[in-house]
Amino acid sequence: MSSRASTTTKTVPGDARIGSGLPKLATTYNPQQRTPPPDNFGHIQPCTHLTSVLETKAHDTVMATYRQAVAVSIAINPLLLKHVVYTLKKDGLLVPQAKLSEYKSQMLLCGECQLCNFYLVFICLQCPHVGCYHEHALKHAKDHNHMFAIDSHNGLLFCFQCGDYINHATLNRIRLGAVANCVGTDSPPETEGEDAESVAANYVKPSSHAVQGLKGIVNLGSTCYMSSILQTMLHNPLVRFQFFNNDLHYFNCASQSHYHSGDDQIDESSACITCLMDTIFKEFFTSTSHEGAGITNLLMTAWYKNQLLAGFQEQDAHEFWQFLLNEFHSDYERVARKAGVATEPCKCVAHATFSGQLESSVACGNCGAVTKTVDPLVDLSLEVHNLNNRSIYDCLDQFTHNEALDVKYKCQSCLEETKAHRSLRLKKIPPVLSIQLKRFKHNFANDTASKIDVDVDAPFFLNLTKYASDFNEESLDPIDSNKVYELFAVINHTGLVNTGHYIALIKNSTGQWFKFDDSVISHVSHDEVKATKAYLLFYIAHNI
C-alpha cells in the first residue's frame, strides 16, 4: 500500500507503510517451500553469519527492519488478508481488498526489470532494494555484499552466503506475534475450516528418522531394479512435493480408499500406480520402523499394468522408470477427466518434473536452409561405446554434434534432394534431467547381449549452457546459471547383463550421499559416488 494514500490501523508495527521507506524486495527462493501460516518455521536455525551480525551494534536495526518487512508480508498474504483492516490515514475510510491488490502489484516489483515474478521478491535487510527471483536479487547481493533478504511471502530470512532460509528465536517471535496480532489473538491463526481438537487427535508428528525417508526395501527376488528406481522417486524433492499435494488424484480415484485400507488383494480393476505410490510415500515418511519396506503391492500392481513385468526375473531399471512415468500420466488423465479438469497442459507428475523438448536442426547441403523440428523429451540416452567418451560432457558432445544424414534429404526451400547435416539441441530442459548411459549392447549376429563397463565421469554440477538451442557461441559468459544442474541420484548396475544387481546412490537435502542396496542403507563419500560406473543419472536444476 502506498504511503501517499494509506496505512494499517492494526497490523503494521511501528506504523510501517507498504511502499514507504521499507527495505524492498530481493533474492532467490524455492516456490516449492512455501508454507502458509500457521507454520513450522520455528525449527529453522540461524546461520553463523546472522549470529555474528546480531552480536554487533546492528542488532536493533535488524530487528526494526524485520518488523517492517513482516508488516509487508502480512499485508500481501491472502490467508491473512481477510483478518486485516486497512484505512486511509487522512479520513479513516476502509481500503478495499481490490485496492490492496493494486498496491501490491505496483510496489512488489523488481527495481531493475519491473517484474513481480509471481511475487517471488524479497526485502533486502540492509537497504531498500527490490530484486526479482531469477536475476537481480542475487546480483544485488553479490555487488553490495548484502547477504540477508526477507521473503515477502512468508517473512523468513534468507542468507545468500548460505544459499538457504535461516531463522532466529527473536525474529520468529516477531513474525508470529505480528500474525497473531492481525487476528486479535495471542497465537497464530488456524487454517480456515480446521478444528483444533480434530487436528490434535489425528495428527502425529513424524519422528526425525521418518521425515528423512531413509528406509530400505526388501528384495523379493530380483526386484532390485524396482527398489533403486523407487528410491530415486521418493528422494526427488519435486516428485515428493507433487505426491504430498496430490489432492486431485486423492479425491477422485476410486482405488485410493482400496490402497489406504491396507487391502492386499489387488486386481485388474483396482490396480493404480499413483495410488500405490501415494501409500508408499506415506509409509516412508511417517513410519517409525527401521525395517525394510515390502513392495508386494507394487509387484502385483505393476504385473496387472504391464504383463512384461510379471515374474521374478531381472528387468531393466530404465524401462521400469519409463513405465512409472507412463502410468503417472495415464492416471492423471483418467482422474482429470472424471473431475472435469483440463488435461492440457498436462500437470501430471511425469510432465511437471521430467518433461522437456529436443530441437532437431537439419541443414541443406545445397542452399544451406535449416529446418527445425521440436519433439518431446523425457530423458537423454547417451552412447558410451566410443572409448573417447570419458565424461558426460564427451557423451553430450557426441549426442549434439553435427552429423551427416545417411539418406538424401528433400529440402523444403530449394526443393532439391541433396546431402544434409543434422544436429540436436535442448530446446527446453526439464526441472529434473534423467540421463541413461547406454551400457547394454545387443549383438545381432549371435543374438546375445553384452555390457560396456567403461568409466564415465559424471560431474556433481553439470553445465548444459552450450547444449541448449538458445546458446550464443559469441557470448562472453559460458555459463547460464539457469542451465546448471546438480547431481542428486545415481543408479549403478553391477555384475553381468542377466545376473547383475542395481544399487542407488542418492543425496539428501543436507548434501549427504547414501547408498541404497535393497534393505541396507549406508553413508557414502563423494569419492565413492565419483568412482561409481553409473547407468542412470538424475540431475535437478540448481536454481529452481
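A residue counts as buried when its relative accessible area is under 20%. Keep that cut-off in mind for the close-ups below, which all come from a predicted model.

**Close-up 1. Leucine 537, a buried residue in strand β23**. Strand β23 covers residues 534-541, and leucine 537 sits in it. With a relative accessibility of 0%, leucine 537 falls under the 20% cut-off, so it counts as buried. What does leucine 537 touch, leaving aside residues up to four places away in sequence? Its contacts are Ile392, Leu433, Ser434, Ile435, Leu437, Ala458, Leu487, Ala489 and Val490. Take isoleucine 392 from that list: along the chain it is 145 residues from leucine 537, yet their C-alpha atoms are 10.0 Å apart in space.

**Close-up 2. Helix α5 and its buried residues**. This helix runs over residues 136-144, and its buried residues are His136, Ala137, His140 and Ala141. Just past the end of α5 comes asparagine 145, with a positive phi of about 55°.

**Close-up 3. Helices α9 and α13 packed together**. Here α9 (residues 224-234) meets α13 (residues 273-286) at an angle of about 75°, and the axes are 11 Å apart. That makes the two helices roughly perpendicular to each other. On the α9 side, the contact is made by Leu230, Gln231, Met233 and Leu234; α13 brings Met277, Ile280, Phe281, Phe284 and Phe285. Sorted by class, this contact has eight nonpolar residues, one polar and no charged ones.

Notes: Residues numbered from 1 in each chain as written. Predicted model: local features only at pLDDT ≥ 70, side-chain atom pairs only at ≥ 80, totals over all residues. Heavy atoms only, no water. Buried < 20%, exposed > 50% of the residue type's maximum accessible area, 1.4 Å probe, protein only. Helix = DSSP H or I, 4+ residues; strand = E, 2+ residues; numbered from the N terminus. Contact = heavy atoms within 4.5 Å. Axes fitted to C-alpha atoms, helices over the stretch in contact; angles between N-to-C directions. Parallel < 35°, antiparallel > 145°, perpendicular 65-115°, else oblique. Nonpolar A, V, L, I, M, F, W, Y, C, P; charged D, E, K, R; others polar.
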